[in-house]
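Welcome! Here is a short briefing to read alongside the sequence and the 3D view. Take a moment to look at both before you go on.

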Amino acid sequence: MSKYESVSFLCEDGEERRFYILEQTTLNGFQYLLVEDTDQSENEDEALVYIMKGTPSASDEDEMTDYEMVEDEEELIAVSKVFEQLMEDTDFLME
């Protein structure tokens, strides 16, 4: 059993996927989550992780409840460096 909080996200294709939230941070007013796919084995030395960005909710612009995968390469690199600092014992490799 994982010590991380597990959350569900609805993908663009309508499929629901569960992710573990490994870390979170706020930059320039946006909330970012570092998440791991729950389908991965907990015993693996390497894990595939994703960075998700909070976006204003379509129903209430004051709340950031919707998340999307960060796809912009410059933004991804910048945010991954912040997560690297927050998770000192973890090495990141961009693919």
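**Confidence and overall layout**

In this predicted model, confidence is lowest in strand β1 (residues 5-10), with a mean of 77, and highest in α1, at 91. The score behind these values is pLDDT, the predictor's confidence in each residue, from 0 to 100. The protein has 1 helix and 5 strands, and helices (H or I, at least four residues) and strands (E, at least two) are DSSP runs, numbered from the N terminus.

Two notes on reading what follows:

- Residues are numbered from 1 along each chain as its sequence is written, and side-chain values use heavy atoms, with hydrogens and water left out.
- Because the model is predicted, local features need pLDDT of at least 70 and side-chain atom pairs count only at pLDDT 80 or more, while totals for chains, interfaces and linings use all residues.

**The whole chain**

- The average pLDDT of the protein is 79, and 73% of the residues score at least 70.
- Where pLDDT is low, the predicted coordinates should not be read in detail.
- Of the 95 residues of the protein, 28% count as buried; buried means under 20% relative accessible area, exposed over 50%, and partly exposed in between (1.4 Å probe, protein chains only).
- Among contacts with a separation of 6 or more, 27% join residues 24 or more positions apart; a contact here means heavy atoms within 4.5 Å.

- Helix α1 has 14 residues and reaches 20 Å from its first C-alpha to its last, close to the 20 Å expected at 1.5 Å a residue. That expected span is 1.5 Å times one less than the number of residues.
- Which residues of α1 are buried? They are E75, V79, S80 and F83.
- An α-helix has 3.6 residues a turn, so residues three or four places apart point the same way.
- The buried residues of α1 pack against β2, β3 and β4.
- On the other side of α1, you will find E73, E74 and Q85 exposed.

**Salt bridges**

- How many salt bridges does a search of the whole structure find? It finds 2, where a salt bridge is a side-chain nitrogen of Lys or Arg within 4 Å of a carboxyl oxygen of Asp or Glu.
- Side chains of opposite charge can pair when their charged atoms come close.
- D37 and R17 meet through their side chains in a salt bridge, at 2.3 Å from N to O. D37 lies in strand β3 (residues 30-37) and R17 in strand β2 (residues 16-27), so this pair ties together parts that are 20 residues apart in sequence.
- D37 is buried, at a relative accessible area of 10%, whereas R17 is partly exposed, at 24%.
- K53 pairs with E75 in a salt bridge, and their closest N and O atoms are 3.0 Å apart. This pair links distant parts of the chain, with K53 in strand β4 (residues 49-55) and E75 in helix α1 (residues 73-86), 22 residues apart.
- Both K53 and E75 are buried.
- Not counting residues up to four places away in sequence, E75 touches Y32, K53 and V70.

- Y50 is in strand β4 and counts as partly exposed, with 23% relative accessibility.
- Leaving aside residues up to four places away in sequence, Y50 touches R17, F19, L33, L34, V35, D37 and M69. R17 and D37 are the two partners of a salt bridge.
- Y50 and E36 are 14 residues apart in sequence and 6.3 Å apart in space, C-alpha to C-alpha.
- Y4 lies in the segment before β1 and is partly exposed, with a relative accessible area of 31%.
- Y4 touches Y20, I21 and L22, again not counting residues up to four places away in sequence.
- Is N28 buried or exposed? N28 is exposed, with a relative accessible area of 78%, and sits in the loop between β2 and β3.
- N28 has a positive phi of about 50° although it is not a glycine.
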